[in-house]
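Please follow the paragraphs below with the sequence and the model side by side, moving from one site to the next.

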Amino acid sequence: MAECLYEHCFVKRKLLKELQDDIFYAKEYMKGQNLKKLCSLLREEGSERLELRDNYLHDLFANRSVEDGDFHFYLTEYKWNKIYTLNIDDLVEYVFGKRSIELNVWNNDHDDRGNDKSRTTLVKLHGCVNNHQNGYVFDDLEYTAFMTLSNCFLRDFGNSVIEGDMIFVGTEFQEQDLWSIIERYKSDGFDISGNNYFFITPSINDGVLKRWIERQSNVFWVNWNTKQFLEFMHNEISIDMQLITELKEKRCIFLDDAKKEVVPYYQSDLYLGNETRYADIFEDWDIEYPGLKSLVNKVIEVKRNIVVALYGKSYVGKSCCAKRMLVDLRNDGYVWSLK
């Protein structure tokens, strides 16, 4: 990308006389693939040059798309809790939208902390083309501002690192902000030894990172590119869509589909004596049975396949309890494996 930015800003554009000397430095940054320094130079040249840079980056990465059947669509076949990206493009938004799958996008203009985990959250760490007016993270000043602990996105990334397993696709932590936040959390006494971390990249050129991975018992390097990783997810991990179709034909209900069918400003007929609908549960029209949380916790603790039987007289709320139990588990991020 450094070559493209250099070509656009220093070759195709006529420079003011006082900026002519910068061509030498820009060419050196371009040859060394030092995008950060090239972006920093454009900032130092003034607000017009900074605007030229950001407008070019927006035009380059906005409205991304791929052909139907492209491997990027495999990303939508697994229920990810969160996806953190340093890319500013909107390709992930595109593939989720084409598959009509809800995606909760966090950028500098939208930070939905109320997400119930039923949707995958996409965190745009370095900015977003759909929110370009709030800028990107490319130059030295922008990185410095982003590195402050008060940055909610970077802090959220750090929280996810210490809370559970994580897969890093296509990065060697060339971006020091991610590595620094992990080191900061570790120095504060947080223990990550119980989690597993996977680096999906064809090669590791950073000797420090490679040695660090080798020393850790819970960190693994997988010698794949992004296409190989997503194809593995598609073939070995993702849900069998044909099986879902067969189950739907046999009247099986999938909660993700039921959630999509909830209309805005839904008005329930539950208290008119009608049977419970999933929309009643998603929109919290039911009165939750006091012992339900205890039952859900018991189901979670078993950690094996079980049958839960709810019994009682007619119209005492068995269907409400069963549906509430399923919806709560879904909203807490639990998924069902279909093989």
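A polar atom of the asparagine 195 side chain lies 3.2 Å from the backbone oxygen of valine 161. The model is predicted, and local features need pLDDT of at least 70, while side-chain atom pairs count only at pLDDT 80 or more and totals for chains, interfaces and linings use all residues. Residues are numbered from 1 along each chain as its sequence is written, and side-chain values use heavy atoms, with hydrogens and water left out.

Asparagine 195 belongs to the loop that runs between helix H8 (176–187) and strand S5 (197–200), where helices (H or I, at least four residues) and strands (E, at least two) are DSSP runs numbered from the N terminus. With a relative accessible area of 10%, asparagine 195 is buried, a term that means under 20% relative accessible area (1.4 Å probe, protein chains only). Beyond its neighbours within four places in sequence, asparagine 195 is in contact (heavy atoms within 4.5 Å) with Val161, Ile162, Glu163, Gly164, Asp165 and Asn218.

Leaving out residues up to four places away in sequence, threonine 276 touches Leu270, Ile281, Ser319, Cys320 and Lys323.

Turning to the strands, S2 (residues 103–106) is covered on both faces, with Leu103 and Val105 buried on one side and Asn104 and Trp106 buried on the other. Strand S2 runs parallel to strand S3 (residues 120–124), and 4 bridges join them; asparagine 104 stands opposite threonine 121 in S3.

Notes. Buried means under 20% relative accessible area, exposed over 50%, partly exposed in between (1.4 Å probe, protein chains only). A polar contact is a pair of N or O atoms within 3.5 Å; within protein, one must be able to donate a hydrogen and the other to accept it, and residues adjacent in sequence count only if both atoms are side-chain atoms. Two strands pair if DSSP finds at least two bridges between them.
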